[in-house]
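Please look over the sequence and the structure before reading on.

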Amino acid sequence: MSFFDELDSGLTARELALVRDTERFCTEVLAPRLAQARSRGEPCERTVIAQWAALGMLGLQVPEEGGGFGASFLCKVRVAQTMAGHGFAAAFCLNNMQGMATRLWRHGSAVQKERLLPGLLAGRLIGAPAMSEPTAGSDLTQLRSQAVRTEGGWLLDGTKAWVSNGAIANLLMVLARTTAADGSQAIAGFLVEPEAGKAFAATPHELPGAMEFRLAEIVFDRHFVPDWALIHAPGEAFRASMEAINAARVHVAAMCTGSLHAALCTAVAYCGQRTAFGKPLLAHQGLQWALAEVAARLEAANALVVKAARRIDAGTCGPELAASAKKIAVETATEGIEQCIRAMGAVGATAPNGLVALASEVRLAAFADGSTEMLNDRIGRGLAAAYPSASARGEQQGTQQP
């Protein structure tokens, strides 16, 4: 039975074909390019984006009438898992671009779709959400970036930090604070392109071992944004961001389990061949049990990912479930990949097998879309409703209509 069977059972024949296309892309294009880039200590060449776009995968969840495949979230998760087995950061950034196209289709105006969607789908526009700031991460109520009304649009000022693909992006979805005539403030969302003859002031973050994220800090200084580029009116952006966070957390959780699955397969294959004291490493009980622990926790984390992904498609995934999936998957993957490296000894710590790179990239998953502490808080706030006492359950049942 395959690790991916539970996910695959929920996919259509066309979606399974997309997964096979992803597997070929990873084997023939992504994996070799990542190996070359890691040997040079730099991110992959941007031609990888063009090749991924040529498969139509940047429109994975955009409906067919918009030029995409109209795939389910379950399919997105399966594709992300496959890619993350080769590189967590590459999977994160390529799927972030796909997510920008999906958000534009779901929330954008007709003008926005006409002007921007073809470029996003073709990979000419490198899209990236820009929400976090140096002093405001997941707490969007503390945003300091400001958008001030001007003739024909808005003037944007502020700094965004930790923007994935920020070093190469030419289309950002920026959240900024606005002030109404009565003095009230609200958060709005803008689709921001470079001004004529002027690019974003982007400064890459230095992340040894995880440069594939292409993270950058981006500064806006009275950057003009035309009226047509307002994608979330003041007061709507915060709610839209919160609605998207559940899917984002499950998506990150899926990539974590995909990376750990690949690491475990690598470790098991090596330890089954390498001998010590007259027998394969995998035949030594201590090492065998250590990898068995990794396998058991991986299966548990993946079951939670599958459950949450199915709920996302059904529209019934609560914030506690999404938070639990990400928390468990991140912790399982970070600890599990390190155990796989230890099981392989010095060979596990060498660059060619890619495990050290996976470990460096996956550890950053703990900070994307909510830290572990924030996830614990989200889960904790739902405890009373999720785990009521026997008497409370009886009262609830008694109020239900027959």
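Which residues of α10 are buried? They are Leu 355, Ala 357, Leu 358, Ala 359, Ser 360, Glu 361 and Val 362. The model is a predicted one, and the points below are grouped by topic.

**Overall form**
- The protein contains 13 helices and 10 strands.
- Its radius of gyration is 22 Å, close to the 21 Å that the globule rule gives for 402 residues, so the protein is as compact as a globular protein of that length.
- Taken along the principal axes, the box filled by the C-alpha atoms is roughly 80 × 65 × 40 Å.
- Of the 402 residues, 50% are buried.
- Among contacts between residues at least 6 apart in sequence, 72% join residues at least 24 apart.

- In soluble globular proteins, nonpolar side chains tend to be buried together.
- The largest nonpolar core here has 87 residues, and Phe 88, Phe 213 and Cys 256 have the most contacts inside it.
- Two or more residues of this core come from each of α2 (13-40), α3 (47-54), α4 (73-84), α5 (88-107), α7 (237-273), α8 (285-314), α9 (319-343) and α10 (355-362).
- The element that gives the most to this core is α7, with 12 residues.
- Beyond its neighbours within four places in sequence, Cys 256 is in contact with Phe 88, Ala 329, Val 330, Ala 333, Val 362 and Ala 365.
- Another core lies apart from this one; it has 37 residues, including Leu 125, Ala 147, Met 173 and Ile 231.

**Packing of α4 on α7**
- The axes of these two helices come within 7 Å and cross at roughly 35 degrees, and the crossing is right-handed.
- On the α4 side, the contact is made by Phe 73, Lys 76, Val 77, Ala 80, Gln 81 and Ala 84.
- On the α7 side, the residues are Ala 247, Val 250, His 251, Ala 254, Met 255, Thr 257, Gly 258 and Ser 259.
- By class, the residues of this contact divide into eight nonpolar, five polar and one charged.

Notes. Residues are numbered from 1 along each chain as its sequence is written. This is a predicted model: local features need pLDDT of at least 70, side-chain atom pairs count only at pLDDT 80 or more; totals for chains, interfaces and linings use all residues. Side-chain values use heavy atoms; hydrogens and water are left out. A nonpolar core is a set of buried Ala, Val, Leu, Ile, Met, Phe, Trp, Tyr and Cys residues joined through side-chain atoms within 4.5 Å. Buried means under 20% relative accessible area, exposed over 50%, partly exposed in between (1.4 Å probe, protein chains only). Helices (H or I, at least four residues) and strands (E, at least two) are DSSP runs, numbered from the N terminus. Contact means heavy atoms within 4.5 Å. Axes are lines fitted to C-alpha atoms, for helices over the stretch in contact, and angles run from 0 to 180 degrees between N-to-C directions. A crossing is left-handed if the near helix is turned anticlockwise from the far one by less than a right angle, and right-handed if clockwise. Ala, Val, Leu, Ile, Met, Phe, Trp, Tyr, Cys and Pro count as nonpolar, Asp, Glu, Lys and Arg as charged, and the others, Gly among them, as polar. The radius of gyration is taken over C-alpha atoms; the globule rule is 2.2 Å times the number of residues to the power 0.38.
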